[in-house]
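Subject: A structure for you to explore

Hi there,

Here is the structure I promised to pass on to you.

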Amino acid sequence: MNTHPALQLSDRIAELLADPNTVPAAWTSHPQWRQSLAHGAPGIALLHIERAATGRGLWEHARVWLAVAASAPVTRGQDSYLYYGAPALTHALACAALARPGSYQRALAHLDQVVAADAERRCDQALARIERGDLPALAEFDTIRGLAGIGAVLLRRTPNSQAIRTILAYLVRLTENVKYDRKALPGWWTLSGPSGRADERFPGGHANNGLAHGVAGPLALLALALRHGVEVDGQRTAIGTILVWLDRWRDHHAWPYWVTRADLTSPDHRLLPPQRPSWCYGTAGLARSQQLAALALGDQRLRHEAEGVLATALLDPPALAATTDLSACHGYAGLAHIAHRAAADAAPRNAARLRSAAALLLDTTHPPHTDPDEQARHLLACAGPAFLEGAAGTALALLAPATGAAPATRWDACLLTA
């Protein structure tokens, strides 16, 4: 078995998170704890499910965390999304069903119906909004709270369903330009700030580029669906529209996190300062989305370009210096995971660069002569046990690049990177 030093950190984190009863009450007392993929039990369950599937951990640890996640009525409807409620539990159980074939089938069958019905309802509301000529909220379409994220669950669980096709058709409509305040704007333009709330720093709103909260999420879902043979009218055109937008705003090997009304009226691109190339916002998520689009379309030029941009960003000292933590969301472990995933799909020359980047990132995550127990305890104390920004996600994101294998349970479908 591969014994890369980063695996020692991953293993130690998992050991410290084996028993839900040992997690501090400061975390478990939050009302959303049981159903939050980002911050709570379902996300920690993913770590133990993947470890059990790959022979690195006990199934019992996965089972007890899933029991915590399913121990209260599951939220559905408008308050549920990929990272909370029914879709979050569906994703965790789908991973568990791959680790333990035949398990959780009745629960999954029920949840599939719940998620599909909620998706259809949300699409109806979104299409009605489009017909009214209103602009969307980020939570309507993004990965974390919106239909792109819910689509990731449906694509995995019920790829032949009407619900996933309805979401794809909605995303096609989302990419059509709209006229607002006498200006032509992309259909994903929102009047809020990046937080999803009104923000005086963003007069006139913005277009969000990120994979977590912006248009890269719809791009990734449209591309992944096409790669799986799920296609609706206009899907390829919609992918092309988003790609043209991203090409317009790229500055060498980076994109702005968002585009404002002032940016639209400026004749020149702004010079981007060094910024972290993260999954949520930044080059790692955006370039991986472009690579998926290129693979779906069979566009070799775009594929080489996306892979080159990603490798350059992940090997760029100023960009890496802007990365300050280990998390799956925006830290070194998440970057190593994306580099590993992208390398598996890359042309040989680019794959070698991406594997080099992954190795560098793993060494950065767990430097030589670092005590894994001390590092794991410090990480838990500072970042908490969560999946998206905490210790569980760090441990999980380290597994594939450190072992050289693909995730056994496709846990990263919730990141829309595979």
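Below is what I found, going from the whole chain to single residues.

First, a word on the model. It is a predicted one, in which local features need pLDDT of at least 70 and side-chain atom pairs count only at pLDDT 80 or more, while totals for chains, interfaces and linings use all residues. Residues are numbered from 1 along each chain as its sequence is written, and side-chain values use heavy atoms, with hydrogens and water left out.

The whole chain

The protein chain has 19 helices and 4 strands (DSSP runs numbered from the N terminus: H or I of at least four residues for helices, E of at least two for strands). Its C-alpha trace spans about 60 × 45 × 40 Å along the principal axes.

Buried residues make up 60% of the 418 residues. Here, buried means under 20% relative accessible area, exposed means over 50%, and partly exposed lies in between, with a 1.4 Å probe and protein chains only. Among contacts (heavy atoms within 4.5 Å) between residues at least 6 apart in sequence, 70% join residues at least 24 apart.

The core

In soluble globular proteins, nonpolar side chains tend to be buried together. The largest nonpolar core in this chain has 142 residues, and Tyr83, Trp279 and Phe387 touch the most other members. Such a core is a set of buried Ala, Val, Leu, Ile, Met, Phe, Trp, Tyr and Cys residues joined through side-chain atoms within 4.5 Å.

Ile167 lies in helix α9, residues 162-174. Ile167 counts as buried because its relative accessibility is 0%. Leaving aside neighbours within four places in sequence, Ile167 is in contact with Ala119, Cys123, Leu147, Ile150, Gly151, Leu154 and Leu221.

Pro407 sits in the segment after α19 (391-403). With 9% relative accessibility, Pro407 also counts as buried. Beyond residues up to four places away in sequence, Pro407 touches Glu50, His337, Arg341, Ala400 and Asp412.

Loop residues

Most residues other than glycine have a negative phi. His252 counts as exposed, at 64% relative accessibility. Another is His369, with phi near 65°, in the loop between α17 (348-365) and α18 (372-383). His369 is exposed, with a relative accessible area of 87%.

Thr370 lies in the loop between α17 and α18 too, but Thr370 is partly exposed, at 25%. Thr370 and Ala6 are 364 residues apart in sequence, yet their C-alpha atoms are 9.9 Å apart in space.

Enjoy looking around!

Best wishes
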